[in-house]
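Here are some notes on the model, written for a colleague who will look at the coordinates directly.

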Amino acid sequence: MHAFTRIGRRLKAKQPGDTIDHSAHVALFVLRCSGALRLSDLAARMELDASTASRHVRSLEQLGLIRRSPDPDDGRAFRVELTEQGMQEWEDSARRRMELLSAAMEGWSEEDVQTFERLMTRFADSVAPLTDAPAQAAWAEKGWAAVAPRPSPADPAERRTDTDSAAEGDPAGRVNTDKNLESTR
């Protein structure tokens, strides 16, 4: 339990380059997974009351990360959706967290990474039915990696593949390639 708490606290903390806090990141993630939503639906999917979700929406709207649009099904209501800036903010934040996790596993063998993924998925699948999560929170079951951007070095010369490592005589070396990241999707 202590290990999960430590990991969760660190992943929720602002990372270098973050401009929004964790709760705002969650709202962006829900909208990224679900598309435009009514405020009440966003609140339900975030498992928050409507007034708290409304404060998040106002804050994110002021930052230009989400926008309101009329609900086509009900002229009295509105929906919220990501702006291009909001999508970019979410992708940048997700990339930083993916890079953090990749760095934490630097030096792990491919077998270790696959075993860790298998066991964590198995554990999550075992916990999920025991925790009375509302049906509308099912977006979280996808895992953020399902929609996370792939990190890629800015310099194309830094991009390596498993084949490159093997050719250099280091087949066991762990490199952060699209193939390795694919296992997180």
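1. A cavity is a set of grid points where a 1.4 Å probe fits but cannot get out. In this predicted model, a search of the whole structure turns up one cavity of 30 Å³ or more. The space inside the largest cavity is about 30 Å³.

2. The lining of the largest cavity consists of Lys12, Ala13, Lys14, Asp18, Ile20, Asp21, His22, His25, Ser93 and Arg97. By class, five of the lining residues are charged, three are polar and two are nonpolar. Helices H2 and H5 each contribute at least two residues to this lining.

3. The largest nonpolar core holds 22 residues, and those with the most contacts inside it are Leu28, Leu31, Leu42, Val57, Leu60, Ile66 and Val80. Two or more core residues come from each of helix H2 (22-34), helix H3 (39-46), helix H4 (50-62), strand S3 (74-82) and helix H5 (84-104). H2 gives the largest share, seven residues.

4. Leaving aside residues up to four places away in sequence, Val57 touches Leu39, Leu42, Ile66, Arg68 and Val80.

5. Which residues of H3 are buried? They are Leu39, Leu42, Ala43 and Met46. These four lie on the same side of H3 because they cover an arc of only 100° around the axis. The partners against which the buried residues of H3 pack are H2, strand S1 (37-38), H4 and S3.

Notes
Residues numbered from 1 in each chain as written. Predicted model: local features only at pLDDT ≥ 70, side-chain atom pairs only at ≥ 80, totals over all residues. Heavy atoms only, no water. Core = buried A, V, L, I, M, F, W, Y, C linked by side-chain atoms within 4.5 Å. Buried < 20%, exposed > 50% of the residue type's maximum accessible area, 1.4 Å probe, protein only. Contact = heavy atoms within 4.5 Å. Arc of directions from axis to C-beta. 1 Å grid on protein atoms, 1.4 Å probe; cavity = no way out; pocket = protein on both sides within 12 Å on 5 of 7 lines; lining within 4 Å. Points joined across faces, edges and corners; volume = space filled by probe spheres on them. Nonpolar A, V, L, I, M, F, W, Y, C, P; charged D, E, K, R; others polar.
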